[in-house]
Amino acid sequence: MSVRMIVDSSSDLPRSIVDQYDIRIIPLSVHFGEEEYLDAINISSSQFYDKLTSSEVMPTTSQVPPERFVEYLQPELEAGNEVVIVTIGANASGTCQSAHIAVDELGTDKVTIIDSNALSLGTGYVALKAAELLKEGVAPRELPEALKGLTQNGIETLFCVDTLEYLVKGGRIHAGKAFVADILSLKPILNVVDAITETIGKARGRKKVVPFFMKRMAENMDMDQQWIFVGHAQDEKGADMIVNAIKTELGYEGEIFVSEIGATIGTHAGPGVLACFYKKK
């Protein structure tokens, strides 16, 4: 018997981690009007942003349905495996609830479900830690307790959006506020608490984003953590600037994973997002 991890596509995990730990990615759905795509399956991040910027239709995303979880779980259970599922925070999506419905339908006690209580690579951070703990011999059923230091808002997420256009289109911010912010070249900095975003500051211009991140990280970051995630939406140069600053300005010597932000966050935030995900002190 072995243990299989299933992580939803909102986690934006780099392919290197997915391959190393043999993780199965279960997709959320992305909709452009009547067109439906399976996130990270038949639409990549780059394809999504190309379509986002050219489409007249504002995309939406939908949770992983219970039947998709059943489809992914049945072969693993029939093979005699235990399964660990890590999902986007329940406050942001019904995906975690869908997983519970599927497990109840299958009537199995061989599945452990972990609500990351996070978004994007915050979920990825929890999944990677879960994979490491399994490798160290921690039993699947012990993982929810072992991960509480992360899932109870132990991960700090910093997001900066380059434009408020998509937040306006998605009804997440008033158009008047966005207009004023654009005139003043203000870039909102968002935090995530219980899988819900909140504004914690503004950077005047794109060049001020990295200094804002570094100041916040210097105050809040656990320097002894194994890794940090840096996310971007079609801005590899910006991501590289963050990575270099973390190493040179903060003196961090651990591993830094860089990954592109996918459709779940990209639907609302648009291209140009920069983000950091790290364990707090």
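I began with the largest cavity and listed its lining as Ser-116, Asn-117, Ala-118, Leu-119, Leu-150, Thr-151, Asn-153, Gly-154, Ile-155, Thr-157 and Val-192. A cavity here is a set of points on a 1 Å grid over the protein atoms alone where a 1.4 Å probe fits but cannot get out, and lining residues have an atom within 4 Å of a point. The model is predicted: local features need pLDDT of at least 70, side-chain atom pairs count only at pLDDT 80 or more, and totals for linings use all residues. Residues are numbered from 1 along each chain, and side-chain values use heavy atoms, without hydrogens and water.

I noted a volume of about 60 Å³ for the largest cavity, taken as the space filled by probe spheres set on the points, which are joined across faces, edges and corners. Its lining divides into 5 nonpolar, 6 polar and no charged residues; Ala, Val, Leu, Ile, Met, Phe, Trp, Tyr, Cys and Pro count as nonpolar, Asp, Glu, Lys and Arg as charged, and the others, Gly among them, as polar.

I then turned to Val-192, placed in strand S9 (residues 186–193); strands are DSSP runs of E, at least two residues long, numbered from the N terminus. Val-192 is buried, with a relative accessible area of 7%, where buried means under 20%, exposed over 50% and partly exposed in between (1.4 Å probe, protein chains only). I found Val-192 and Ala-118 to be 74 residues apart in sequence and 7.2 Å apart in space, C-alpha to C-alpha. Beyond four places in sequence, Val-192 touches Leu-119, Thr-157, Phe-159 and Thr-197, contact being heavy atoms within 4.5 Å.

Key: Helix = DSSP H or I, 4+ residues; strand = E, 2+ residues; numbered from the N terminus. 1 Å grid on protein atoms, 1.4 Å probe; cavity = no way out; pocket = protein on both sides within 12 Å on 5 of 7 lines; lining within 4 Å.
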